[in-house]
Amino acid sequence: MLFADVQAYSQVVEEKTSEFVNAFHGGIAAMLAKLKRDPAFVNTWGDSFFAVFDELEDALNLALEIRDYFNKGQWSELLSGGSMEVRVSMHAGPVHEEYDPILRKRNFFGRHVNQAARIEPIVLPGSVFVSETVAALISFGYDAYDFEYAGNLELAKDFGSYPIYMLQRRGYSGDDDNE
């Protein structure tokens, strides 16, 4: 599961909301179109994006693409002040797939969805944080990706303290524009 949220969304100039939606939603839609497989589920609300994947590599790739898109983008013209950055979180675990009568389509529920959502608010802006489960999965054959221990961090909304890792491409440095 992947959650992404835009920091400073509340500073988007009202008249530029359409431009933000086109840039944020349109940018992610273009990234989704390049994936090998569609996510099992996607949802958006304002400045947030949620996706459930059947394949970890698709989620890892999208998480880093979203990070890079925001880190390299020019967002200041949309804001009344400050800077705009994205926070991306990922977690893996068993979930309940149920028909959602409000959305009128299947949706995903359960403790592991909640855990993925509770990681996102603690992510350092411009970064991707993953759970220990995702870090462990990366260790088994996902050589294009790497992670660094961020610490045993307290998750949002009193969800508890968990080991959290920062996701990156193997050999990535934040200064490398060729990533």
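A: Here's a walk through the salt bridges, pair by pair. This is a predicted model, so local features need pLDDT of at least 70 and side-chain atom pairs count only at pLDDT 80 or more, while totals for chains, interfaces and linings use all residues. Residues are numbered from 1 along each chain as its sequence is written, and side-chain values use heavy atoms, with hydrogens and water left out.

Searching the whole structure turns up eight salt bridges (a side-chain nitrogen of Lys or Arg within 4 Å of a carboxyl oxygen of Asp or Glu). One of them joins aspartate 5 to arginine 87 at 2.7 Å, N to O. That pair links distant parts of the chain, with aspartate 5 in strand S1 and arginine 87 in strand S4 (residues 85-90), 82 residues apart (strands are DSSP runs of E, at least two residues; helices are runs of H or I, at least four; both are numbered from the N terminus). Aspartate 5 is buried at 10% relative accessible area, and arginine 87 counts as buried at 15% (buried is under 20%, exposed over 50%, partly exposed in between, with a 1.4 Å probe and protein chains only).

Arginine 87 also meets glutamate 120, at 3.0 Å, N to O. Glutamate 120 sits in the loop between helix H3 (111-119) and strand S7 (127-131), so this pair ties together parts 33 residues apart in sequence. Glutamate 120 is buried too.

Then there's arginine 169 with glutamate 65, at 3.4 Å, N to O. Here strand S9 (residues 161-169) is linked to helix H2, 104 residues apart. Arginine 169 is buried at 14%, whereas glutamate 65 is partly exposed at 29%.
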